[in-house]
Amino acid sequence: MNKINQIRNFCIIAHIDHGKSTLADRMLELTDTINPLNKSSQVLDDMDLEKERGITIKSHPIQMEYTQANAKYIFNLIDTPGHVDFTYEVSRSMAACEGALLLIDSTQGIEAQTVSNVYLAMESNLEIIPILNKIDMKNANIEETKIQVSELLGISDKDILSISAKSGKGVSDLFDVIIEKIPCPVDSKGDTLKALIFDSYFDQYRGVVVYVKVVSGKISKNMNVSFFKYSGICEILEVGILKLKKVASNELNQGDVGYVILSIKDVSKIKVGDTI
């Protein structure tokens, strides 16, 4: 099997407090990306404000590995904010995905912001997998919420998964559905490097760090690269994948999601949405 066929890039879209970070934690546990006995809750939320308020502000990509029928799949979960004020963060994360898990709290139903994010996902041509969460709660209104989701997406309620992210019930079934329904990245058949920048930040010790999805070709350490918007040329100091921490690798290939450290110090020059 070609490696690109074994890659699945997806995000989770959900309203605040519908269980997105909790679902991410369960998926990381089930793929042995983290040890459930040695972790804090809401692993992807590492800003102090995120921990305090239980919300996601900054997107944190993370890679998981899952084996199905002796084939190893790479899952790149590109976390997105659920709060109404972070629509732009959501849209740029979606640009690096082929699919989205639509997580709905069965005790609250569909929220207006969720509808907005669903439309963003549709505009991005993402394959949407609808999931009802918190089905084990006493006040869960599963049937009514299924009707809402069916009407929103124009699907049968049989296509809606039901889980409890907190207890882990039903989460293991999600992996096979992701492999089946979310397409792998498009094989561009080209050797020219093109990598989409979907996030960036400045590390005071290392310089400008960008999160990228490689659309074609490959990117490796010591390469000199140019950009579509930024007129300068810079050297690649390091590339790697994103587990719980950055893991340096020799190169990122077509379809891969990872990080790139650039030899420039001014993060304002590198715009999200630019192409390396």
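This is a predicted model: local features need pLDDT of at least 70, side-chain atom pairs count only at pLDDT 80 or more; totals for chains, interfaces and linings use all residues.
Strands of a sheet pair through backbone hydrogen bonds, in either a parallel or an antiparallel manner. In this model, six strands form an open sheet with mixed pairing, in the order E2-E3-E1-E4-E5-E6. Strand E2 (61-68) and strand E6 (161-162) are the edge strands, each pairing on one side only.

The pairing of strand E5 (residues 127-133) with E6 is parallel and comprises two bridges. Ile-131 has Leu-161, in E6, as its bridge partner.

## Helices on the sheet

Helix H1 (residues 20-30) packs on the sheet, where it touches strand E1 (7-13), E2, strand E3 (71-78) and strand E4 (99-105). The direction of H1 makes an angle of about 150 degrees with that of E1.

Helix H6 (residues 172-181) lies across E1, E2, E3, E4, E5 and E6. Relative to E5, helix H6 runs at about 160 degrees.

The side chain of Gln-63 is joined to that of Asn-76 by a polar contact of 3.4 Å. When neighbours within four places in sequence are left aside, the residues in contact with Gln-63 are Thr-33, Ile-74, Phe-75, Asn-76, Ile-241, Leu-242, Lys-243 and Val-257.

Technical notes:
Residues are numbered from 1 along each chain as its sequence is written. Side-chain values use heavy atoms; hydrogens and water are left out. Two strands pair if DSSP finds at least two bridges between them. Helices (H or I, at least four residues) and strands (E, at least two) are DSSP runs, numbered from the N terminus. Contact means heavy atoms within 4.5 Å. Axes are lines fitted to C-alpha atoms, for helices over the stretch in contact, and angles run from 0 to 180 degrees between N-to-C directions. A polar contact is a pair of N or O atoms within 3.5 Å; within protein, one must be able to donate a hydrogen and the other to accept it, and residues adjacent in sequence count only if both atoms are side-chain atoms.
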